[in-house]
Structures are given as structure tokens and as C-alpha cells.
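This report describes how the chains of one assembly meet and then turns to selected local features. Please keep the sequence and the structure in view while reading.

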Amino acid sequence: MTGRRFWQVFGLLADRLVLAVLALVLLLYGMPLLKPFFAALYPTLDRPMYEGDGFAALAADHMALVGLSSLAAAAAGVLAGLAVTRPWGAEFRGLVEALATAGQTFPPVAVLAVAVPAVGFGAAPALIALTLYAVLPIVQNTIAGLEGVPAPVLESARGMGMRPAAILLRVELPLAAPVILAGLRTAVAINVGTAAIASTVGAKTLGLPIIVGLNGANPAYVIQGALVVAALAVVVDLGFDRLALLLSRWQRA
Amino acid sequence: MTRPMIAFEGVTKRFGSWTAVDGVSLAVEEGEFCVLVGPSGSGKSTLLRMVNRLAAPDAGAVRVAGEDIAGLAPEALRRRMGYVIQSVGLFPHWTVARNIATVPVLLGWPRARVRERVDALMRLLNLDPDRFRGLYPHQLSGGQQQRVGVARALAGDPPVLLMDEPFSALDPITRGTLRTELAQIHRKTGKTILFVTHDMDEALALADRIAVLEQGRLVQHATPREILTRPADGFVRDLVGREEWGLKRLAVETAGERARPDAPPPSEQPPGEPLPGDMPLRRALSEMIARGVDRLPVMDAEGRPAGVLHLADLVRS
Amino acid sequence: MIRNRVLFVLAAAIAVAALALPFLSFAPNRLLSGQGIALAAALEMPRGLALLAPGAVLLAVPFLRPSRGATAASVAAALLVGAGLLWLAGLHAAELAATAPPAARTSFGSGFWAMEAAALLAALDGARRLGLPAPGRIALGLATALLLAAPLAAGQLDQLSILKEYANRRDAFSDAVLRHGAIVAAALVPTLALGLPLGVLAQRRPTVGRLLFPVLNIVQTIPSIALFGLMLAPLSALSAAFPSLGIAGVGMAPAVIALTLYSLLPIVRNTAAGLDGVPEPVREAARGMGMTPAQLFLRVDVPLALPVLLAGFRITLVQAVGLAAVAALIGAGGLGAIMFQGLFANALDLVLLGAVPVILLALAADALLRLAEALLPLPGGRRAV
């Protein structure tokens, strides 16, 4: 390995996001290797390693739940935010803003629980609760982001003959993107956590080992599940960090 | 008679119960630099914004090159006009070059032509292309931002330039420099410019003709000289400023116009370097005070004697 | 012509929900799923007028010329619809209970929830349009709470399933509420004791902030259930080593510690931000007039930073109420315990008996602290609204 090559690899390894992804992958696929460690930590346990479903499979389900609900919420939230900042939808803006503020006071876990009597057990209540909850910060930030576009910028865009669609796509949305992304980040962070709790309503997620461990007095399961969920949350958060930098490059030029 | 480039025909605009523009008729000839002056709330910006249909008149019509703009697509109309506003409104997420290229890109120019045009405009506005091309607006000073704003407005080579208090937010020195540069650009390009300001001095310095507005009505439309020599009423005179009104008036007339044309015999020719005939009277007065004399010879553009200017002539109205 | 599209949409939603969705659901026992009962069945005359009359007002106001009177009428009508729905649900549940076996259960149906939500939103939007000053908004909020709580307090809802669940475990429920409050309070004490000084320090020494905030941010990133889980190992090790401490890996201790860790970020961040927001010229002037550092801090910094501090406290409190519910999973008890017990036992009304009070507690905490923020004096003697 040449010197330069070495520093490239070293630099990559020093990147927090890369490190976190690496840690997550190791936890997902290498957890069984830790069995002797957990056996030594809890010598009284018959089964010191969670072997119900693979951690990778649980993580995939977990991410599917988070991804689907966040995508649906992003679509609905951004569209709603766009609608109430156009002249024809402005009448609904006060209501939408009040709803977004008040709604975020509801604890996510309670929203999840209340969804069960409405639609039953399984992935459906989790998907619905996660989507509903995620819409709120996204719509709030979409409104704030679009509102933050300076009036003179819009005035000159119109004055130069840009069509409304072009103004929206090339000026308003790019300028609002960092704020909208921050809302999406809040939503996804809450969803990663709430999806873990969704194991209590019958959705198969990374919370399952924790719930099984808590119910069966198996602390090893709890710790294994908690480690993976925590690593996933950190990876998602660092990923958004990177995305935010990318979207606001011009601000730091 | 040539067709005016911009014509307001009995234009009225109301906002609720308030009449911002009240039956204004005004023509701006091709290549003319027309300045709309008035205090805030006089309707001057509204009048300007009706030219590119950012505002629509409630009554009357606006014609550009003879065409009633009410029948034109607003976007297409706006691409034929440069538009510069006080707060500049550069796109903060685009580089200087991309900002200037906005209209050419909208018009679908080929990439090489856009790049060439951007560079040419940056040089016209005294912005070194190599230094500024890739910078973002927040990296520029206020004056540099407005230079980019003007370059952006000129980019599509529009026949008309609309400017709404473009220099009002700048410091006095930058404002003066940009004013001089704008006058040069006007001479070089021959654009028709409609320029809004509340500053009568700016209007006197830039305009071919000035339109004075008060409470939505056009009170006077005349050359800077006429505004100074024959103000329509007390309002216009106040706008010029009573204190230095005499000196301002001296600034718009020339030594050649006031000189006594009867060439005296060489023996009675007053001593001293003759003044060029196109020198403003204000400077001529300054020369007399500086040289301590009460009369000076005046020469025409070819350097021939064109008469004598007496100190007493300056106060003759 | 529609003059108020917002109210029109909400009123139309109420009408559609009234016609198309089940108002109540009737089940032979608590574990079986119920059969829908339409609103029409509960709308016996003349008592149905209590709902139909304000409902008609709600449908009519959108077509009226907008005026304060019309808006005020719509707010009153919306609140009456909200209260009327509760009252009718209770009455009809009692009628059903009179003829059904004792194990039968009547619960709110999806139509009830949809109509109640739309009615409250209509009241909220109307109140917003009225632009009431702070005292008026507080009075309206209290009136709403009283109006909705009255049928509950009067025992008119006792035949609804959620209140039957409550009746079955009255003592356990009040214990759970107290326990929930105790967990939150126990976490807030160390949070404030640590968070306020850390916030001041982070604002005065940027190095402290640079080290502290990334750590607190990472803690906030970790999902609650995972943080509770991760508390398990070190705490059970600790209790194994020192049994006399009385700390256990499950129960109150890990819940309080995890909650404190979560709560630190908003407190520290808002303390630092609040102090950062004190204008430097004001400080300069105070120093120039001879204030000592302590006087400067207590008489200038703290009062001016107070609104931001209170906002931080509100965020912390609301967050803690929700997180305390999750803490039930590690045996901390509280309302979350009732909720999860219901989920694990497939007893849906029990789920609601846990979850609805958690939501109400969070809303009440939020409202109370917003009230405190609104009553804070602002510079110039005005109050924030």
C-alpha cells in the first residue's frame, strides 16, 4: 500500500459517518460472535444471544417501516406546506400551523397506542401512527422554509419572467430545502425510536429483542437490541448531518 | 413622430380605498432615460411595476413599443425588460455567474453564448470575471451585489431597463460611482431606462426627462433644466430643495448659454484662460471665485471665442 | 358562496363522519371487537337537538359574511358540538347497558373521534380568527376544558367502556397517575440542578459548549427504548455489587436517570441561548452603572433570558411526560404500565385508559407553561401574547 493510499483509507476511517455505518454493519452481522461475551456477563442465562430473527432482517423491517412512513409523511407534509403558502390555500395556513404545533405535544408512544384500537395490531397501526406524527414537523418546517425565502428574491424572480413553477422549483424549494430537511430529520429521528416501541403493537422491528428480553427477564437480549437500535439511530442522524451540509453548501462558500 | 417605447395612457391603480396611481399619462421615448421622482407613497414604484405587469392597472393601458401589454404573456414580457430593485434580490444559492445568466438561460441561449455574455457584462460593470464568477452573493459587498443586479438585468439584452431605487441602500460614495457608471452604460447601450428614486439630485444627475409624482398624480414631466427653471408648483420646488435651488439651477445651464455673445475687441478681452462653452454655470462661478475675477472669456467647442461671461449674468434669470 | 373555506371543510367533515362512520361500537365483552352503531341511533328527539342545533350553525356560518359575531357563534357552536357528542355517547351507552349483559362494552367509534377532532379544530380556528388577547384565550381554554369535563365529572360517561375499565381499577389508576408525576418530577430535579449551571457555563465558556452539546445531541438521538435498555446493564451490575444502595436495573432508577439524560439537552441549550440573546449593549450599560457581576446576572441576564428558559422547560416537561410512559417497559410503572398492559393483553379500552391521560397530561403541561410564558412581563411593561 502506497503512503497516499494509506492516508486515503485512514481519512475515510476517521469519518464519523463511515465509522458509525461500519459499527452498525458489524452489530447486525457479527452479533452472534459476541455470544461468549454475553454468556460470561450473564452466566445464569440459558440463552445469552437473541436468535429469534436475524438482526439484519429486523433492521430491514425497521427501516422499511421508518422509510415508508417518512416518505409518505414527507410527500403529504411538503404538499400541505406548499398548499398553505400559495394564495389559494393561505386560508388554511393558521389551522395547519396550530395543528402541527398542538399535534407535536402528543407523545409519540401514546399516538402509537391509540392507533391500535383504531386499526388493530400489526404493522398497520405503526405505519399510520408514524406517518401521522412525522407529517407535523415536516409541514411546520416546510412552511417556515418557504416563508424564509426573502421577498426581494421572489420579486426579482418574477420580474425576470420566471414562471410560478420555475420559481417554486429553482428558487423557493432549493432555498427552503435545508429547513425542510431539518423537519424531515426530526421526523425520522422520532420514527426510528417509535418504530422500536412499535414491537409492542405487533410490528416486527429492532425493538423486538428488547421487548422479548424485558418480558422474559433476559437482559442480554435487551442490551443486544438496544445497541443495534442506538447504532441505527446514530447512523441516520449522521447521514442527515451529511445531507444538510450538501444542501447548504452555498451558505458556507 | 416616433412611437414611444413606454406609454402610460390614463393609468389608475387602487389598493382598497387608496388610489396609488391616479390617471397618469406619460410617454418614454426609445433610448430615453426617464426618472420617476416623488416622496414615498407617491405611486412611483407602482407605476414602474405596471410596466412589467407585477401590478395591473385598474383603468387605462400601458403600451410597450406600441403594444398594449395587457394582451401579452407576463413572463415573455418580463424577459424583454431588465428589472433592478433596491434590495437587489440576487438568488443566494446561485453563483454570480449563474445569477447573471438567469434570463439568457430562461431564453434558452446556447451555453457558450451565455458564458460570453456573462463575462462581457461583468466587465461592463467593472467586476473582474475571474475573481467574481464563482462567488456567492453573500460574499459580495452591497455595491458589488448591485453591480451584479444591474448585470443580471442587462443579460438578456432587453431594450428596456426598469430600476426601482437601485442605489438607495448604498453608501454615498458607492452610490455616486454606480450613478456615473449607469450614465455611461446608458450612453453606450442606448437602452430605454425607467428609473424610480425619491432623491431629486439623483434624478437631476441621471435623467433626460423627469416625471414628478405627488399622491399618484403626475405634476410635472420635463427636462431637468425645466424642472429647475420652471418648476410647476411649490411641491416641485420643495422637492428640488429651496436651500441650494439656485446652485442646482446653475448646474444645468452652461457658460456658453449665458455668455454675452458680442465678442469684444481683443483689447477689452478679459484676461485668463477661456472657459469651454459646455461648462456648467456652477463650475464657472467656482472658477471666477477661485481666480478672483468678475468676468471670463468663453470659447466654443472648436476653441473660438464665443463671448464673455459676467458675474452679473449668473444672477440674471 | 363559501366565505370561510376552513370552517366549511371542518363542518362538512363532521357531517360526513356523522353519516358514514360508526359513532359508537358495541361488543359483547371487553376482548371482542365491536359492532358499529350509527350516530342516528343515538339522536333521539328532542335531546338530539343539543347536537343538531349547533351542528346546523357550524354548517351555516361558512356561508355568512365574515364578522366577529359569526366567528364567535361558530366557536360556541363547535364547542357545543364537541360537548354534545360526549354527552350523547354517554347517554346512549347507558341505554345500551340497561338491556345488555354486564360484560357488554360500549366504546367510542371512529365517527366519534373524527367528529370530536373536527369540532375542536373548528373551535381552535375560530378562536384564532377572533384574535383574542391572552386573558380571553385562557378563559376560552378553561371553558373548553370545563365543558368537556362536565359530563365526565357528572358520571354521565360511566357506562362507556374506558370508564368501566377505570371503575375496575380506580386505585391502580390514581397510583399510576401519581407514579407518572413522580417519575417526571424526580427527573426534573437533577435536570434543573445540572442543566441550569451547565447552560450558564456553556454560554460563558465556548469550549464547554463545544464539548457538551455533541454529547447531549447524541443522547437525544438514541431512541428512548434503547437508552432505557442500555441503563439495564450498568445498573444491575451496580446493584449486584452494592445491594445496600437499593438501586435496581429495572424500575424507577434507570427511568429517572435516562429521563434526566434526555431532559438535559433542551434545558442546557435554551439556558445558553437565552443568555446569548441578552443584548450586549444592555449588559454594557448595566456594568457602566456599577452593577456587580451577581447583580448583573440576577437583575439583567436572568429576567431577559427567562422566556427562552421557560420555553426550554416546557419542551423538557412535555417530552418527559411522554418518555415516562415508555419507561413503564422497564418496570417504572405509571400510566404507561396501564397502556402496555392493555396492549399485551389485547384489551383496547385499557390501552386508551393509559394513553389518553398521557396525552391529556402532556397537553396540560404544554398549556400551563405557555400560559406562564404569556404572563411574563416583557420589556416596556407589555405582556407577551
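How many salt bridges does the rule find across the interface of chain A and chain C? There are two. The model discussed here is predicted, and the sections below place this count in its setting.

## How the chains meet

Two pairs of chains touch, and the pair formed by chains A and C has the most contacts. Chain A also touches chain B, with 19 residues of chain A in contact with 25 residues of chain B. Chain B and chain C, by contrast, are not joined by any contact. The closest C-alpha atoms of chain B and chain C are 18 Å apart.

## The interface of chains A and C

On one side of this interface, 41 residues of chain A take part, and they are in contact with 44 residues of chain C. Three residues, Glu91(A), Leu95(A) and Thr105(A), provide 17% of the area that chain A buries against chain C, more than any other three residues. The total area buried between chain A and chain C is about 3500 Å², and carbon and sulfur atoms account for 82% of this area.

One of the two salt bridges found across this interface links the side chains of Glu91(A) and Arg129(C), with an N to O distance of 3.9 Å.

Which elements give two or more residues to the side of chain A that touches chain C? They are α5 (93–103), α6 (108–119), α9 (164–197), α10 (207–215) and α11 (219–247) of chain A. The greatest contribution comes from α11(A), with ten residues. Sorted by class, this side of chain A has 32 nonpolar, seven polar and two charged residues.

## The interface of chains A and B

Chain A and chain B bury about 2100 Å² between them, and 64% of that area lies on carbon and sulfur atoms. Within chain A, the residues that lose the most area to chain B are Glu155(A), Met160(A) and Trp250(A), which together make up 31% of what that side buries.

One salt bridge is found across the interface of chain A and chain B. Glu155(A) forms this salt bridge with Arg49(B), and the closest N and O atoms are 2.3 Å apart.

The elements giving two or more residues to the side of chain A that touches chain B are α8 (151–159) and α9 of chain A. Of these, α8(A) gives the most, with seven residues. By class, this side has eleven nonpolar, four polar and four charged residues.

## A covered strand in chain B

Is β3(B) mostly covered or mostly uncovered? Five of its five residues are buried, and the strand is mostly covered. One side of β3(B) carries Phe33(B), Val35(B) and Val37(B), the other carries Cys34(B) and Leu36(B), and both faces are covered.

β3(B) runs parallel to strand β8 (residues 192–197) of chain B, to which five bridges join it. In this pairing, Val35(B) has Phe195(B) as its bridge partner. β3(B) also pairs in the parallel sense with strand β9 (residues 209–214) of chain B, over four bridges. There, Val37(B) stands opposite Val212(B).

## A buried serine in chain B

Ser42(B) lies in the loop between β3 (33–37) and α1 (44–49) of chain B. Ser42(B) counts as buried because its relative accessible area is 2%, and the cut-off for a buried residue is under 20%. A polar atom of its side chain lies 2.7 Å from the backbone oxygen of Pro39(B). Beyond its sequence neighbours up to four places away, Ser42(B) touches Ala20(B), Leu213(B), Glu214(B), Gln215(B) and Gly216(B).

## A helix of chain C

Helix α14 (residues 335–345) of chain C has several buried residues, including Leu335(C), Ile338(C), Met339(C) and Phe340(C). The buried residues of α14(C) pack against α6 and α9 of chain A, together with α8 (170–204), α13 (293–326) and α15 (348–375) of chain C. Just after α14(C), Asn346(C) adopts a positive phi of about 60 degrees.

Notes: Residues are numbered from 1 along each chain as its sequence is written. Chains are lettered from A and ligands numbered from 1 in the order in which they are written. This is a predicted model: local features need pLDDT of at least 70, side-chain atom pairs count only at pLDDT 80 or more; totals for chains, interfaces and linings use all residues. Side-chain values use heavy atoms; hydrogens and water are left out. Contact means heavy atoms within 4.5 Å. Buried area is the accessible area (1.4 Å probe) that two parts lose on being put together, summed over both. A salt bridge is a side-chain nitrogen of Lys or Arg within 4 Å of a carboxyl oxygen of Asp or Glu. Ala, Val, Leu, Ile, Met, Phe, Trp, Tyr, Cys and Pro count as nonpolar, Asp, Glu, Lys and Arg as charged, and the others, Gly among them, as polar. Buried means under 20% relative accessible area, exposed over 50%, partly exposed in between (1.4 Å probe, protein chains only). A polar contact is a pair of N or O atoms within 3.5 Å; within protein, one must be able to donate a hydrogen and the other to accept it, and residues adjacent in sequence count only if both atoms are side-chain atoms. Two strands pair if DSSP finds at least two bridges between them.
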